[in-house]
Amino acid sequence: MKAVHFGAGNIGRGFIGLLLHDAGYDVVFSDVNPELIDALQRADSYTVHEVGDGGNDLVVTGFSAVNSAEDEERLVAELATADVITTAVGPNVLRFIAPAIAKGLAARSDDLAPAAVMACENAIGATDTLRAHVEENAGADWRAIAQRAVFANTAVDRIVPTQAADAGIDVTVEAFHEWVVERTPFDDAEPTLPGAHFVDDLAPYIERKLFTVNTGHATTAYFGFLAGHEKIADAAADPRVHDKVRRVLEETSEYLVAVHGLKTDEQTAYREKILSRFTNEYLPDTVQRVGREPLRKLSRNERFIGPAAAIAERGDSPDALIDAIGAALQFHVADDAQSQEMAELLETLDAAEFTAQVTGLEPGHPLFDRICAEVAAVTRE
């Protein structure tokens, strides 16, 4: 069995690539980073170091690597014969890999079973987004190409921090991981993935993860940044930060239970597990890394505005989430382009213009004026 995985970075190697290897696939990593691809091509193996309770050192072998920017012909050939195609490139990069996937599916023999295509991104409906980009690139050939692949959405969860400078291609990750895949598109013919959990309804798992793990992680970063912490673990251990994060996750938990019918005690246990994961001192993660790209994190369907808007639409007041949004607006670091762009937008746009442009909320939405007030308060400081 063969899998092509787009994104040979830390998440690609330390999470999805590892699980694909453990499932018995020969993994072909695709990336545009020439140094990383060269290192993978020279290596026979790399080690994934799991830290925390239950962690192990796991060796990955049987992989290869292709530079998608320089060797599209080989990439297309690999895609044409792949059993599984996965991604961990970031939601905004999906449109750039779609042309190669369209060409690979076009070159695929109809005698082969359809390839399982799964975008493993921190975004709702990421595979749907990828499918739309592939369809756009396929044009008139889409009807034939569509029969050669099964596109399934996923929810993924594993904390992969900034790596040590001398780590090479080895990766340090937390021991906990979760990969949930929607079963329905496969018509009871799911790919061989023992490390994944197939479910009939993915929506509760996607929102549970996004609005608990990602919301909580980013909240810890932004309040930790304002409190002067460098490491996420130190921020999470700060009682002042911890209390703010807990209040945010209590709001999102109440929403998740009400909308998706999750059991209160199970969601409470899940939330407590997440809060404890942030304090893992073996993960040398920083508030600067976790907080990066604040404009994306403040967009309409992301980890703050998404749940806050839904809560407001139900007639409730997401006070803790709004406080967290205010903290995100104050995240300004020199090496993050989006935080610098956000600072410029805060200086050049009025509160209503900023709110509409960045959050995607429309005037008249029950959350719009609250966010406007938060933006105005930040710009006055």
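Strand E2 is mostly covered, with five of its six residues buried; buried means under 20% relative accessible area, exposed means over 50%, and partly exposed lies in between (1.4 Å probe, protein chains only). Helices (H or I, at least four residues) and strands (E, at least two) are DSSP runs, numbered from the N terminus. This is a predicted model, in which local features need pLDDT of at least 70 and side-chain atom pairs count only at pLDDT 80 or more, while totals for chains, interfaces and linings use all residues. Residues are numbered from 1 along each chain as its sequence is written, and side-chain values use heavy atoms, with hydrogens and water left out.

Strand E1 (residues 2-6) and E2 run parallel and are joined by five bridges; two strands pair if DSSP finds at least two bridges between them. Strand E2 (residues 26-31) is also joined to E5 by five bridges, and these two run parallel as well. Ser-30 of E2 stands opposite Phe-6, and in E5 the bridge partner of Ser-30 is Val-66. Strand E5 (residues 63-67) is mostly covered, as four of its five residues are buried. In a regular strand the side chains alternate between the two faces of the sheet.

## Aromatic pairs

The count of aromatic pairs comes to nine. Rings of Phe, Tyr and Trp (its six-membered ring) pair if their centres lie within 6.5 Å; planes under 30 degrees apart count as stacked, over 60 as edge-to-face and the rest as tilted. The rings of Phe-29 and Tyr-46 have centres 6.4 Å apart and planes at 55°, so this pair is tilted. Phe-29 lies in strand E2 and Tyr-46 in strand E3 (residues 45-51), so the pair ties together parts that are 17 residues apart in sequence. Both Phe-29 and Tyr-46 are buried.

Phe-186 and Phe-198 form an edge-to-face pair, with 6.0 Å from centre to centre and 80° between the planes. Phe-186 is in the loop between strand E11 (178-182) and strand E12 (197-199), while Phe-198 is in strand E12; the pair links distant parts of the chain, 12 residues apart. Phe-186 is buried, as is Phe-198. Elsewhere, one aromatic cluster is formed by Tyr-222, Phe-225, Phe-304 and Phe-331.

## A charge over a ring

Arg-208 lies over the face of Tyr-270, at 3.9 Å from the ring centre. A charge sits over a ring if NZ of Lys or CZ of Arg is within 6 Å of the ring centre and within 35 degrees of the ring normal.

## Salt bridges

Side chains of opposite charge can pair when their charged atoms come close. A salt bridge is a side-chain nitrogen of Lys or Arg within 4 Å of a carboxyl oxygen of Asp or Glu, and the count comes to 21 salt bridges. One of them joins the side chains of Lys-103 and Glu-72 (3.0 Å, N to O). This pair links distant parts of the chain, with Lys-103 in helix H4 (residues 94-106) and Glu-72 in helix H3 (residues 72-80), 31 residues apart. Lys-103 counts as partly exposed because its relative accessibility is 40%, and Glu-72 is partly exposed with a relative accessible area of 34%.

Arg-246 forms a salt bridge with Glu-272, and their closest N and O atoms are 2.7 Å apart. Arg-246 lies in helix H9 (residues 239-260) and Glu-272 in helix H10 (residues 264-278), so the pair ties together parts that are 26 residues apart in sequence. Arg-246 counts as partly exposed at 22% relative accessibility, and Glu-272 counts as partly exposed at 30%. In the salt bridge between Asp-285 and Arg-289, the closest N and O atoms are 2.6 Å apart. Both Asp-285 and Arg-289 are buried.

## Gln-338 and its contacts

Gln-338 lies in helix H15 (residues 337-348) and counts as buried because its relative accessibility is 16%. Not counting residues up to four places away in sequence, Gln-338 touches Glu-293, Pro-294, Leu-295 and Arg-296, where contact means heavy atoms within 4.5 Å. A polar atom of the Gln-338 side chain lies 3.0 Å from the backbone nitrogen of Arg-296.

Terms used
A polar contact is a pair of N or O atoms within 3.5 Å; within protein, one must be able to donate a hydrogen and the other to accept it, and residues adjacent in sequence count only if both atoms are side-chain atoms.
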